[in-house]
Amino acid sequence: TLRNQTMCLQDGRMFGDNEVWVVDSCTKCSCQNSKTVCSQITCPAVHCASPLFIEGECCPTCNPIGSEDGWSPWSEWTECSVTCGPGTQQRGRSCDVTSNSCEGSSIQTRTCNTGDRKS
């Protein structure tokens with residue numbers, strides 16, 4: 001029996017008093033004294049140049065799993081430092097220090113070899 005219980009009906013489903021559920025990725029509902037009350041989810045501000053919108057999520061995010069928070073994408077590698085033989089190449093990235101601490105290096109270096117030196 002449902003004596004002394006307040007319930008809400010939403011899309012054919014029953015919810016108990018004070019129960020909270022998500023209708024879609026941006027709408028949250030609750031049961032309050034047998035009345036269904038729904039509201040839009042409020043997204044926090046994002047502080048990055050290119051926020052990501054993940055399918056099924058209402059709010060954009062700055063840091064996908066495995067990303068390096070606050071860093072720009074890496075630039076292209078520079079030309080090899082020498083025209084013949086072993087040399088180095090570098091690439092860089094910048095940090096948005098206003099909202100991120102950015103861990104790691106802003107420059108990467110790798111070796112390159114443009115061919116054997118001729119005597």
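**Tour of the disulfides and the open sheet**

Select Cys-112 first: in this predicted model Cys-112 is buried, with a relative accessible area of 11%. The link is right-handed, with 90 degrees about the S-S bond. Cys-80 lies in the loop between β5 and β6 and Cys-112 in strand β7 (residues 107-113), so the pair ties together parts that are 32 residues apart in sequence. Cys-80 is also buried, at 18% relative accessible area.

Now select Cys-84. This residue is in no disulfide; the nearest cysteine sulfur belongs to Cys-80, 10.0 Å away. Cys-84 is partly exposed, with 32% relative accessibility.

Go next to the open sheet, where three strands run in the order β3-β4-β5 with antiparallel pairing. Its edge strands are β3 (20-24) and β5 (35-40), each pairing on one side only. From one strand to the next the twist averages 30 degrees. Four bridges connect β3 with β4 (residues 27-32), and Val-22 stands opposite Lys-28 in β4.

Select Cys-29 and Cys-38, a disulfide with sulfur atoms 1.9 Å apart. The link is right-handed, with 105 degrees about the S-S bond. Cys-29 is buried at 1% relative accessible area, whereas Cys-38 is partly exposed at 40%.

Finish with Cys-26 and Cys-58, whose sulfur atoms are 2.0 Å apart in a disulfide. This link is right-handed, at 110 degrees about the S-S bond. Cys-58 is buried, at 16%.

Technical notes: Residues are numbered from 1 along each chain as its sequence is written. This is a predicted model: local features need pLDDT of at least 70, side-chain atom pairs count only at pLDDT 80 or more; totals for chains, interfaces and linings use all residues. Side-chain values use heavy atoms; hydrogens and water are left out. Two strands pair if DSSP finds at least two bridges between them. Helices (H or I, at least four residues) and strands (E, at least two) are DSSP runs, numbered from the N terminus. Axes are lines fitted to C-alpha atoms, for helices over the stretch in contact, and angles run from 0 to 180 degrees between N-to-C directions. A disulfide is a pair of cysteine sulfur atoms within 2.5 Å. Buried means under 20% relative accessible area, exposed over 50%, partly exposed in between (1.4 Å probe, protein chains only).
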